[in-house]
Amino acid sequence: MKHPENDELYKGLKVNKGVADVPTVNPYLQKRIQRKNYTPAEYVEGILKGNITILSQAVTLIESARMEHQQVAQEIIEKCLPHAGKSVRIGITGVPGAGKSTSIDAFGIHLLEQGRKLAVLAIDPSSERSKGSILGDKTRMEDLSREKNAFIRPSPSAGSLGGVARKTRETIVLCEAAGFDTIFVETVGVGQSETAVHSMVDFFLLIQLAGTGDELQGIKRGIMEMADGIIINKADGDNIDKANLAAAQFRNALHLFPPTDSGWIPKVLTYSGYYKLRINEIWDMVDEYMTFTKANGFFEWKRKEQSKYWMYESINDTLKDVFYHNPLIESRLKSTEMKVLNNELSSFMAAKEIIDLFLQNISGGERGGS
């Protein structure tokens, strides 16, 4: 581009040529590695051989919202089901900052030293505004993330704990088919996600802290009633006495709760995840629970109840999905919403109108097709 300022008429003024724009993309990265598209049979074959790469891609299909991915994922799950169900499933929860990731790192190394294979499915909280998620569990599980017999999969909650819970349950099936004999499911924190996680695990472990005030106020009663074991973390150094006091308080509180369905009396133990102290006692407790519940039949009964629960949850999810993706409903929702906002229609009547419209549309479609 020529600059008139460089003309002879303007001898005292000179404009140099600008610098060419630097490419924003690294030229070495332009050749993108294409991910191979496997058939469902190839996915299943790779999973059964314990191929972590193929397992990860299959889990990505499960988490995808695209319909074609969901169809492939369901076919993979169906074919993996006969090879699943042989693991010990453990839910791990606790207040934020209780040291869940550090503890899982210590627990995992302890189990791997015993010759086990471990899969860690961690639900990471997502931002309600940006929908983004840090997914930093691998960085907090330094030792475990380097082990070949450990598989760590963080998943964003994406504002839908129910949806994540269902996908986590399906991921458990694939991990079991891949040969992982121990599954950890780490929750977002103390809240609604615990109920969903409790419905997919065999043993529910609650991690607590001492020295944070009134320990019993820091946890909901419902979470304590679900717990099969309560462990007090950071029982080291000057905190040992506080941890032992907190353990005594929890033991006293547990006596006030009704007996568990399994007949098992939950235990309260202290340990240090950071210094890896008394980790073996925790796993002796878990093994004792598994032996106890398998002997009295509760283990098998609970697994069947969980399968039934997830069948009904899947029905609810599917109905909700069909409802909101119905073209007639999609076209009518906004106008009905405006009527509610303008106080022309109550929320309850608006919901009834929309549902009635949906049912008429479904029944009309059935008559038209018959």
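This is a predicted model: local features need pLDDT of at least 70, side-chain atom pairs count only at pLDDT 80 or more; totals for chains, interfaces and linings use all residues.

**A walk through the model**

Let me start with lysine 234, which is found in the loop between β6 (229-233) and α9 (240-254), where helices (H or I, at least four residues) and strands (E, at least two) are DSSP runs numbered from the N terminus. Residues are numbered from 1 along each chain as its sequence is written, and side-chain values use heavy atoms, with hydrogens and water left out.

The phi of lysine 234 is near 65 degrees, a positive value in a residue other than glycine. With a relative accessible area of 39%, lysine 234 is partly exposed, a term for what falls between buried (under 20% relative accessible area) and exposed (over 50%), using a 1.4 Å probe and protein chains only. Lysine 276, in the loop between β7 (267-270) and α10 (279-295), is not a glycine either, and has a positive phi of about 55 degrees; at 42% relative accessibility, lysine 276 counts as partly exposed.

Another loop, between α5 (137-140) and β3 (150-156), holds serine 145. Serine 145 and aspartate 105 are 40 residues apart in sequence, yet their C-alpha atoms are 8.5 Å apart in space.

Which residues touch the most other members of the largest nonpolar core? Of its 51 residues, they are Ile47, Leu55, Leu174, Ile230 and Ile232, a nonpolar core being a set of buried Ala, Val, Leu, Ile, Met, Phe, Trp, Tyr and Cys residues joined through side-chain atoms within 4.5 Å. Apart from this core lies another, of 35 residues, among them Phe203, Trp264, Tyr271 and Trp283. Leucine 174 touches, leaving out residues up to four places away in sequence, partners including Ile47, Leu55, Ile76 and Cys80, where contact means heavy atoms within 4.5 Å.

Cysteine 80 is buried, with a relative accessible area of 0%, and cysteine 175 is buried with a value of 0%. The structure holds zero disulfides, a disulfide being a pair of cysteine sulfur atoms within 2.5 Å.

Finally, methionine 311 has its place in helix α11 (residues 298-324), and at 45% relative accessibility methionine 311 counts as partly exposed.
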